[in-house]
Amino acid sequence: MPGSANLNIMIKAARTAARGLVKDFREVENLQVSSKGAGDFVSRADIAAERTLRDILLSERPNYGWLGEETEEVAGTDPTRRWIVDPLDGTTNYLHGLPHWAISIALEHKGEIVAAVVFDAAKDEMFFAEKGGGAFLNNARLRVSDRHRLIEAIFATGLPFGGRPELPAVMQDLGRLLPATAGVRRMGAAALDLAYVAAGRYDGYWERGIHPWDVAAGLLLVREAGGLVEPIGEAGDIFSSRALVAANSQIFDTFAKVIRNA
């Protein structure tokens with residue numbers, strides 16, 4: 001499916017950055033790793049990928065702003081547009097040799113995500129979407145699942161690590177949700193969790209303590225695939241509250257009610 005010039009730039013940037021990540025992933029035991037805190041690591045591959053993405057995206061659109069995980073935020077001369085980028089979502093998976101990680105790129109315009117790319121390079125799965133244009137996986141149209149009973153559905157989430165303050169609330173979430181569903185998965189890559197909701201592989205997803213670069217692209221994928229995404233707290237927005245719930249439209253209200261009863 002041909003996309004806009006911006007989407008084509010995003011796909012090109014993701015594929016270019018992925019080359020270095022895939023090369024280093026094959027030699028994961030040789031990666032130079034520095035600690036950023038308990039359970040949270042950054043590799044030279046991560047930093048190199050962000051540099052590649054930043055160079056390409058800002059070269060093509062020098063007036064856009066930039067928000068990335070590893071580098072300082074940049075305000076663009078066009079205050080209405082910015083790139084929101086995670087160069088390696090699923091870093092811990094990557095460093096342990098688990099082939100479940102992705103590059104996530106979103107374009108924000110006037111506070112709304114209008115284009116999205118999530119590239120799972122290990123599996124060569126390119127998820128992408130543009131506002132009003134639908135969501136796709138390698139050019140095949142995506143639709144969220146049509147399950148409407150909680151007991152038949154599986155959900156994804158992220159579990160806090162290293163003593164993070166979200167742990168008590170997430171434990172309560174699990175205590176209420178697990179008995180009522182077909183299961184919960186914790187795969188360790190928020191961008192792919194949302195892409196999998198868009199593809200109907202998961203029926204829903206929620207997480208507390210997320211960052212904009214973790215989920216910006218995934219939000220649009222889910223919405224363009226026919227799903228719903230909201231902050232867990234019904235007031236405010238996802239980026240400022242750092243918590244979200246997503247699902248197909250048939251199961252969303254029931255699922256969100258369980259999560260919001262924390």
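1. Helices H4 and H8 are oblique to each other. Their packing angle is about 135°, and angles count as roughly antiparallel only over 145. The axes lie 8 Å apart. H4 covers residues 167-177, and H8 covers residues 252-260. Note that this is a predicted model.

2. Which residues make the contact of H4 with H8? From H4 come Asp-173, Arg-176 and Leu-177. From H8 come Phe-255, Val-258 and Ile-259. By class, the residues of this contact divide into 4 nonpolar and 2 charged, with no polar ones.

3. Besides its part in the contact with H4, Phe-255 pairs with Phe-155. The ring centres are 4.2 Å apart and the planes meet at 20°, so the pair is stacked; the cut-off for stacking is under 30 degrees. The pair links distant parts of the chain. Phe-155 sits in strand E10 (residues 154-157), Phe-255 in helix H8, 100 residues apart.

4. Are the two partners buried or exposed? Phe-155 has 0% relative accessibility and counts as buried. Phe-255 also has 0% and counts as buried. The limit for buried is under 20%.

5. The structure holds 9 aromatic pairs. One of them joins Phe-128 and Phe-136, with ring centres 5.6 Å apart and planes at 15°, so this pair is stacked as well. Both Phe-128 and Phe-136 are buried. Elsewhere, Phe-25, Tyr-94 and Trp-101 form one aromatic cluster.

6. A charge also meets a ring. Arg-201 lies over the face of Tyr-196. The distance to the ring centre is 4.7 Å.

7. Where is Ile-210 found? Ile-210 belongs to the loop between strand E12 (204-208) and helix H6 (212-224).

8. Neighbours within four places in sequence are left aside here. Ile-210 is then in contact with Tyr-205, Val-215, Ile-238, Arg-242, Ala-243 and Leu-244. Gly-200 is another matter: Gly-200 and Ile-210 are 10 residues apart along the chain, and their C-alpha atoms are separated by 22 Å.

Conventions: Residues are numbered from 1 along each chain as its sequence is written. This is a predicted model: local features need pLDDT of at least 70, side-chain atom pairs count only at pLDDT 80 or more; totals for chains, interfaces and linings use all residues. Side-chain values use heavy atoms; hydrogens and water are left out. Rings of Phe, Tyr and Trp (its six-membered ring) pair if their centres lie within 6.5 Å; planes under 30 degrees apart count as stacked, over 60 as edge-to-face and the rest as tilted. Buried means under 20% relative accessible area, exposed over 50%, partly exposed in between (1.4 Å probe, protein chains only). Helices (H or I, at least four residues) and strands (E, at least two) are DSSP runs, numbered from the N terminus. A charge sits over a ring if NZ of Lys or CZ of Arg is within 6 Å of the ring centre and within 35 degrees of the ring normal. Axes are lines fitted to C-alpha atoms, for helices over the stretch in contact, and angles run from 0 to 180 degrees between N-to-C directions. Angles under 35 degrees count as roughly parallel, over 145 as roughly antiparallel, 65 to 115 as roughly perpendicular and the rest as oblique. Contact means heavy atoms within 4.5 Å. Ala, Val, Leu, Ile, Met, Phe, Trp, Tyr, Cys and Pro count as nonpolar, Asp, Glu, Lys and Arg as charged, and the others, Gly among them, as polar.
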